[in-house]
Amino acid sequence: MVPEAEFTSYYGKPILNPPVWEARDIAGYFFLGGLAGGSSLLAAGADLTGRAELSRGAKAGACAAITLSLAALVHDLGRPVRFFNMMRVFKVTSPMSVGSWLLGGYAPAAGVAAAAAFTGRLPRLGAVATGGAALLGPAVAAYTATLISDTAVPAWHDGYREMPFVFTGSAAMAAGGLGLLVAPDESGPARNLALLGQITEMAAFERMTRRIGMVAEPYRTDRGGVYIRVGQVLGALGTTGAALCGTPAVPAGRARRIVAAVSGAALMGASVATRWGVFHAGMASARDPRYTVVPQRARLNQRATAKVESVPSPSRQAPVMPPD
């Protein structure tokens, strides 16, 4: 009997060169961009419903988050001019090109909206900027998922269908948490956004990990798995507290503000943990050649089997009768 073969790679070397990104810069860039995009959407809703405190807090959070996000991106690039070089062309098929132009349009809009809200000047311009930031915000929150899914990193690439929903759900959860922190007395829309984000992220992540099979192992093990589990626990605690804030179970006043603040911090922490977990899981899958080769072989075998099954079997010929 021939023993069952075990997977090995050439001299044990990885097949892919893992990205040279640092977690502090790129995972932080993912989180801050999502927080900014979700907060702009929340700010626009607060303006429409007359919640001034929530609107100012969300606009300030969006402006601060996108500024820090750009700083993290530029720090990773090494030189600021490299960011502007990415905007020399606009290529629809390139997530990096589309994302650069999204940031170039979104960041000024978020800054103008925040400035108008706090100074009280140019309200019409502020309203236009708020609308523009809210329009671009979901794309800013989701495009980084498309960016990493467009790489060869197995845990990112194979999850390309669900990853944008994971990121947008995480962004909504973070923005809802910020709203609970800055405006606990006007936190109705923030609570709803956080609950929607938690459900979206949880459902999309569960579907993704089930669909990609063994490539999802890094999301359950090592550093990536630890961050993901921490994010799930914090998300559950945060959404539970947020839901209770809207019920008589938590009395109005100081108690409700404390519960809202703790819930908001937990929700933002959950979003941070999710982004760090996705980052480290992807790095782990790039370092281990199993996650590159084994799924490729499985796909080749499936194609070969399907090709054989699609070939029609030769039909039997009718016997030739001898002439009379």
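Author: Let us start with charge. This is a predicted model. The mean positions of the 30 positive and 19 negative charges of the protein chain lie 7 Å apart.

Reader: How many helices and strands does the protein chain have?

Author: The protein chain has 11 helices and 0 strands. Read along the sequence, its pattern is α-α-α-α-α-α-α-α-α-α-α.

Reader: Why is the protein chain described as more spread out than a compact globule?

Author: One compares the radius of gyration with the value from the globule rule. For 324 residues the rule gives 20 Å, whereas the protein chain has 25 Å, well over that value, so it is more spread out than a compact globule. Along the principal axes, the C-alpha trace spans about 105 × 55 × 50 Å.

Reader: What share of the 324 residues is buried, and what does the accessible surface come to?

Author: Buried residues account for 45% of the 324 residues. The accessible surface of the protein chain comes to about 17500 Å², and 63% of this belongs to carbon and sulfur atoms.

Reader: How should I read contacts with regard to separation along the sequence?

Author: One asks how far apart in sequence the joined residues are. Among contacts between residues at least 6 apart in sequence, 75% join residues at least 24 apart.

Reader: Which residues have the most contacts inside the largest nonpolar core?

Author: That core has 53 residues, and those with the most contacts inside it are Ile66, Leu103, Tyr106, Trp156, Met163, Phe167 and Tyr219. Among the elements that give two or more residues to this core are helix H1 (23–48), helix H4 (95–119), helix H7 (163–182) and H10. H1 gives the most, with 9 residues. A second, separate core of 10 residues includes Leu42, Ala183, Ala190 and Leu193.

Reader: Which residues does Tyr106 touch, not counting those up to four places away in sequence?

Author: Among them are Ala36, Gly37 and Ser40, as well as Ala62, Ile66 and Leu136.

Reader: Is Val278 buried or exposed?

Author: A residue counts as buried when its relative accessible area is under 20%. Val278 has 1% relative accessibility, and therefore counts as buried. Val278 is found in helix H10 (residues 254–287). Leaving aside neighbours within four places in sequence, Val278 is in contact with Ile148, Trp156, Met163, Phe167, Tyr219 and Ile228. Of these, Trp156, Met163, Phe167 and Tyr219 are also among the residues with the most contacts inside the largest nonpolar core.

Technical notes. Residues numbered from 1 in each chain as written. Predicted model: local features only at pLDDT ≥ 70, side-chain atom pairs only at ≥ 80, totals over all residues. Heavy atoms only, no water. Helix = DSSP H or I, 4+ residues; strand = E, 2+ residues; numbered from the N terminus. Buried < 20%, exposed > 50% of the residue type's maximum accessible area, 1.4 Å probe, protein only. Contact = heavy atoms within 4.5 Å. Core = buried A, V, L, I, M, F, W, Y, C linked by side-chain atoms within 4.5 Å. Rg over C-alpha atoms; globule rule 2.2 N^0.38 Å. Areas by Shrake-Rupley, 256 points an atom, 1.4 Å probe, with all protein chains shown as cover. Lys, Arg positive; Asp, Glu negative; His and termini not counted. Charge placed at Lys NZ, Arg CZ, Asp CG, Glu CD.
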